[in-house]
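Please look over the interface, pockets, cavities and salt bridges of the structure shown here.

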Amino acid sequence: MSETLTLVAIGIFQTIAIIAFAPLLMGIMRKVKARTQKRLGASVLQPYYDLLKLLKKDEVVSDQSSWIFRAAPWVMLVATATAALFVPIFLPFSPFGTAGDILVMLGLFGLARFFIMLAGLDVASAFGGLGTSREMMISALVEPALFLTIFVVSLTLGGTNLSSIVAASAGQFVSGVLIVPSMLFALIAFFVVMLAESGRIPFDNPATHLELTMVHEAMVLEYSGKSLAMIQWSQSIKQAILLALFVNLFIPAGMASSIVGIDTAATSVVSFIAKVLLLSMLVAFIETRTAKWRLFRLPDLLAMAIASSMIGVLFFYL
Amino acid sequence: MVDSMILAQPDILMLSSAGLLIATFAVVVRRGFVDWLSAYRYQSIVLAGAAATIAYFAGAWEIYIAAALTLLIKAIIIPKVLLRVTRKIKDELKTEANPYVSLRLSVVIAALLVGLSYALTRQMLPDSTLDKVASTYLPVSMSLFLIGLFVMVNRRLALNQVVGLLIIENGLFLFTTALTHGLSILIEIGIFADILVGVVISSILLYRISQTFDTLDVGELEKLRDD
C-alpha cells in the first residue's frame, strides 16, 4: 500500500516538475538561440516574468466571440497538463500509465489543438482564420508521419503503454544495444514531427509577429491577459513533453531500466536533465541555422518523415 | 515484453545499411548540388566502413585496401573534383527547380523502392543460401541501385545524372563486395580509375553544356535542332 503511495507521489512529482519547469526550458532555448545569433538575449527566467505579467493584466474579449473563445485556453491547458501525467520523465514509470497510453497523449494534444483552432476561427478576424487554416494543413500532414512513427516505436519496443516502452528502451540500452535500426529511422521522423508539433522553426516561428509567416501566433492573436498566459504556458508544456518523450524513447542512456534504489534514480534524473538540455540546445542551434520554410515546402519535410518511418517499419520486419 | 531478437548484439551491419539508406534519401530530398555532394560524401564514408566490416568478416586484406580507396577517391577526390569543375556554373543552374515527379512524392517512391528491393531479394535469394553479410547488404545495394536510377530519370538537371550514376556505382560496389567477398584488387583499382575518369569527363561535359546552352536542364536539350 505504502509502495503504491510512493509510486503515485513520484508520478505526481514528475508531472509537477514538467509543468513547472517547462517555461524555464523555453527560456533556455531562447537564450541559446540569442547567444548563437550574437545577441545577449533575455534572462532564462523571462518566460516566467511574462506569464506573471500576463496574469496580472486585464483581458480583452471581443463581444463577437462565443464561449469557445473563452473556453479554449482552459481546454488547452488542462489537456496538455493531463498529457503530462502519462509521460515517464525521470523514471521509466508513470503511475497513470494504466489510464492512458501514447495514443491518449496524442489525442489530448489533438483536443487542445482542435479547440485553439476553433477559437482562432471563432473571432472571425482575418488573422485567426489564416493561422487556423495553416495550422490545419500542417497538422493534417503531421498526423500520418506521427502515427507511422508511433507504429514503429510500439512495434520495436512492444506496446503503446508509455511506461513499458520507455522501460523497454532503457532495458535495451542496459543490455548493450545502442540503437536499433528501425528506431534510428523512427528517430529521424520523430525529430521532424517534434519540430512541427511544437511549432519550431522550419514549420513555424514562435517569435514572429509578421503576418506572412506566423501560424500559431496568428491563431492566438486575439488573446490577451490570463488566457494568453495559459496558452503560452501550455505551449511550453507541450514542447517539454515532446522533448522528454524524444529523449526517453530514443536516447535512453543513463535512464534506470527499473525503479530500484535511490542511486539509479539520481543518475537518471541527472542524465535526463542533461539530455533534455542538450536536445533543446540542438533545436535552438537548428533554429539559428535554418530559415523558416515556405509553407508549401513543408510537405516535403513531412514526406521525408513519412518515408523514414516507412523504412523503419520495413527494418523492423527484417 | 521485449522481443529477444531485438535485444541481440549491436548490429553493425544493419546500422551501416541504415546509414547508407539515409545518405541516399538525403540526395532524394535535397535540391542543391552541394547538398547532394555532401550526402554522397557521407554515403561513401559509410560505404568504406561497410567495406571494412565485410573485410573483417571475410578476413581478406584486399577489401581493406578497397575500403581505403573508397574513402580516398569517393569521399575526398570525386566531390572535390566535381565542386571545382562546377564552380564557375551559376548557382541557379545548380538547383533542381521542378523535377518530373515532385520531391515529396519521390521520397515516398524511394521508400517504396527500398521495400521493393527487400522483397525482390527475399524472393530471388532465400536467406538460407546467403551468409549474414550478403543477406544484409544485398537489398541495400539493390535499393541504392534503384534509387540512383530513379534520381537519374526523375530530375531535369544534368548534374543529377552524375550524382545518380555515382549512387548506382556505390550500390554496385556494395553488391560485388558483399556477394563475392572482394574482387581481385586489380579489378577494384580499375573500377576506381574508371569512375574517377568518368566523373572528370562528365563534369567537363556539364561545364560545356552550361556554357553553350546556358542551362543544365536535360528537358531543354531535347528541343535542340540543327537548323
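## Basis

This is a predicted model: local features need pLDDT of at least 70 and side-chain atom pairs count only at pLDDT 80 or more, while totals for chains, interfaces and linings use all residues. Residues are numbered from 1 along each chain as its sequence is written, chains are lettered from A and ligands numbered from 1 in the order in which they are written, and side-chain values use heavy atoms, leaving out hydrogens and water.

## The interface of chains A and B

Chain B brings 26 residues to the contact and chain A brings 27 (contact: heavy atoms within 4.5 Å). The two chains bury about 2200 Å² between them. Carbon and sulfur atoms carry 78% of that area. Buried area here is the accessible area (1.4 Å probe) that two parts lose on being put together, summed over both.

The rule finds 2 salt bridges across the interface (a side-chain nitrogen of Lys or Arg within 4 Å of a carboxyl oxygen of Asp or Glu). A:D300 and B:R104 form a salt bridge, at 3.0 Å from N to O. On the side of chain B that touches chain A, helix 1 (12-29) and helix 4 (103-124) of chain B each give two or more residues. Helix 4 of chain B supplies the largest share, 10 residues. Helices (H or I, at least four residues) are DSSP runs, numbered from the N terminus. By class, this side has 21 nonpolar, 2 polar and 3 charged residues. Ala, Val, Leu, Ile, Met, Phe, Trp, Tyr, Cys and Pro count as nonpolar, Asp, Glu, Lys and Arg as charged, and the others, Gly among them, as polar.

## Pockets

The largest pocket holds about 1300 Å³ of space. On a 1 Å grid over the protein atoms alone, a pocket is an open set with protein on both sides within 12 Å along at least five of seven lines, a cavity is a set of points where a 1.4 Å probe fits but cannot get out, and lining residues have an atom within 4 Å of a point. Grid points are joined across faces, edges and corners, and a volume is the space filled by probe spheres set on the points.

Its lining has 35 residues, with A:W293, A:L301, A:M304, B:V29 and B:R30 nearest the centre. By class, 25 are nonpolar, 3 polar and 7 charged. The second largest pocket has about 780 Å³ of space. Its 36 lining residues include A:R30, A:P206, A:A207, A:E217 and A:Q232, which lie nearest its centre. Helix 1 of chain A gives the most to this lining, 8 residues. The lining divides into 15 nonpolar, 12 polar and 9 charged residues.

## Cavities

The structure holds 4 cavities of 30 Å³ or more. The largest cavity has about 140 Å³ of space. It is lined by 16 residues, and A:R113, A:E135, A:E197, A:H216 and A:K238 lie nearest its centre. Helix 4 of chain A gives the most, with 4 residues. By class, the lining has 8 nonpolar, 3 polar and 5 charged residues.

## Salt bridges overall

Over all chains, the search finds 9 salt bridges. One of them joins A:E287 and A:K33, with the closest N and O atoms 3.2 Å apart. A:E287 lies in helix 10 of chain A and A:K33 in helix 1 of chain A, so this pair ties together parts 254 residues apart in sequence.
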